[in-house]
Structure formats: C-alpha cells, structure tokens
Amino acid sequence: DSDWMDLLNDSRFGRIRDLRRNLTHIHLSGKLANLVYSMDATNTDFYAYQYKPVLSYLESPSKGILIADEVGLGKTIEAGIIWTEIRARFDARRLLVVCPAMLREKWKSELAIRFGISAEILDARELYDFLKKDRQAIPDGKAIICSVQGIRPPKGWNNEAELGDNPRVALAKYLDNKCDEEPIVDMTIIDEAHYMRNPGSQNFTLGKLLRGISDGLVLLSATPVNLSNDDLYYLLNLADPDSFGVKSVFPQVLKA
C-alpha cells in the first residue's frame, strides 16, 4: 500500500519473480489491452485479416460491428474469434447466435470444431426459459443458437391483439422489458443480417430487441455493400445506434 515514489526513493525494489507473477496475473485476468488473447487459441488457420474485426470491435464504444466480407473469407471464423477474445478478457458466458433455420446445424458444428464451444439449438419458448436463468448457472463456453424465423415477434405482439399463448410474443415482451436494464446476453451474433435491413419488418424489430439486451452485437452479411445507402444505414444503426442514429447525415458520413 506504500506510495511508489517513496519506495523508489528508499531503493526498495521488488524481485524479478514478483514482476513475472504480477504480469502473469494481469495476463490471465485479461487486462492487457494490446494483447490479442484469441491468437493461436482456436482450431483455425491464421489469416491476419480475420483479426481486424477483433480490433475494431474492441475499439468500438458501442460494442457493435458489421462484418461485410465477401463469401468464403470466413465471417463465421471472425465472429468466433471475437467471442474467444471477449471470453478471455471478461466473464462472458452467454453467446446467442441468430441465423436462418438452415444454418443452425452448421453453426453448431463450426463452434464445436473450431472453437471448442458446446452449442444448443433452442426455439422461442426454450430461449425465453434460458434467458431467465441466473447467469452464474450458465456453464462457461456455452452457446445458444436460434433461427430468425423461430424467435422473431409476430405482427401485433406489442399491442392488445389477441395472439393466444404464442411463445414468440412472450419472448418479445420479455426482451422489450429488459432493454433498459443490464444486458442479459454477453454477445449476440446475427448471421445473414441483411434480412434485417428493412425497418418495417419483423426481422428488424427482432434485431432492435436483441441489440437492446446484448452487451455486444456482431452482424454478418456478404451483401450490404451491394445494397442501397438506406439498407446499409439500418444495419449500421443496429450495430452502433449511437454513431448511426441520424439517417439524414448518413450520406455525409459515407463521404467522410
């Protein structure tokens, strides 16, 4: 507890092994900002460009990123590397992957083989029950995979329309109630995110709900660069609503 200047003036220095022990402690606690913990920590080949999204995500104040690489460049791997990095730095336990139904098994296999992550495929009711659990009850390294079709809210979910016992309504209302509280998901990955580019769609509504309850959001899409500026804006608005909150100035942002 002594002041370091006093210790220095008194020539009281620590031992080399003390320094090494302290550095090891800092390393293991994930506090070295210039160290990429996910390097060589996954069962993937090394390509330098796949680590650029990690650095961009870590520098993002909103903890949101849109990865728009072309087909075949490994967006799934890039997203997995980001999650690996976050797990190494923080007590991150809840990973949610949302994708088209036909990609659920692919994601489950990729997470297991490349990142050693056990994943479970859930429907809307099961996801609702999972999110209500205490975070400490979630085993480290666990991931949840859901389809966009299976958890998106139906039209009229937030009014008094009689929708019966619809688990997607219950899930949507639960997510909406949690949007102003502490995040209940450490990171959400949305694959084929271009399906959420229409602000009038239920897919976009799902994206906004997931953004509200997630500490971090990773959007994957191979097509937004081929879409209109409006489509790109709404995807970026999901990823980083603080930086892309005013549509009227977006053309100037693109030119900057």
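Mentor: What follows covers the pocket, then a helix pair, then one glutamine. Keep in mind that this is a predicted model.

Start with the pocket. The volume of the largest pocket is about 360 Å³. Its lining is made up of 19 residues. Nearest the centre of the largest pocket lie Lys63, Pro183, Val185, Asp186 and Asp215. Two elements, helix H3 (52-59) and strand E5 (185-190), each give at least two residues to the lining. By class, the lining of the largest pocket holds 10 nonpolar residues, 8 charged ones and 1 polar one.

Now the helix pair. Helix H6 spans residues 124-131, and helix H8 spans residues 167-178. Their axes come within 8 Å and cross at roughly 30°. The crossing of H6 and H8 is left-handed. On the H6 side, the contact involves Ala124, Arg125, Leu127, Tyr128 and Leu131. On the H8 side, the partners are Pro167, Arg168, Ala170, Leu171, Tyr174 and Leu175. The contact of H6 with H8 counts 9 nonpolar residues, 2 charged and no polar ones.

Last, the glutamine. Gln202 sits in helix H9, which covers residues 202-213. A polar atom of the Gln202 side chain lies 3.4 Å from the backbone oxygen of Pro154. Leaving aside residues up to four places away in sequence, Gln202 touches Arg152, Pro153, Pro154, Lys155 and Trp157.

Note on methods:
Residues are numbered from 1 along each chain as its sequence is written. This is a predicted model: local features need pLDDT of at least 70, side-chain atom pairs count only at pLDDT 80 or more; totals for chains, interfaces and linings use all residues. Side-chain values use heavy atoms; hydrogens and water are left out. Axes are lines fitted to C-alpha atoms, for helices over the stretch in contact, and angles run from 0 to 180 degrees between N-to-C directions. Helices (H or I, at least four residues) and strands (E, at least two) are DSSP runs, numbered from the N terminus. A crossing is left-handed if the near helix is turned anticlockwise from the far one by less than a right angle, and right-handed if clockwise. Contact means heavy atoms within 4.5 Å. Ala, Val, Leu, Ile, Met, Phe, Trp, Tyr, Cys and Pro count as nonpolar, Asp, Glu, Lys and Arg as charged, and the others, Gly among them, as polar. On a 1 Å grid over the protein atoms alone, a cavity is a set of points where a 1.4 Å probe fits but cannot get out, and a pocket is an open set with protein on both sides within 12 Å along at least five of seven lines; lining residues have an atom within 4 Å of a point. Grid points are joined across faces, edges and corners, and a volume is the space filled by probe spheres set on the points. A polar contact is a pair of N or O atoms within 3.5 Å; within protein, one must be able to donate a hydrogen and the other to accept it, and residues adjacent in sequence count only if both atoms are side-chain atoms.
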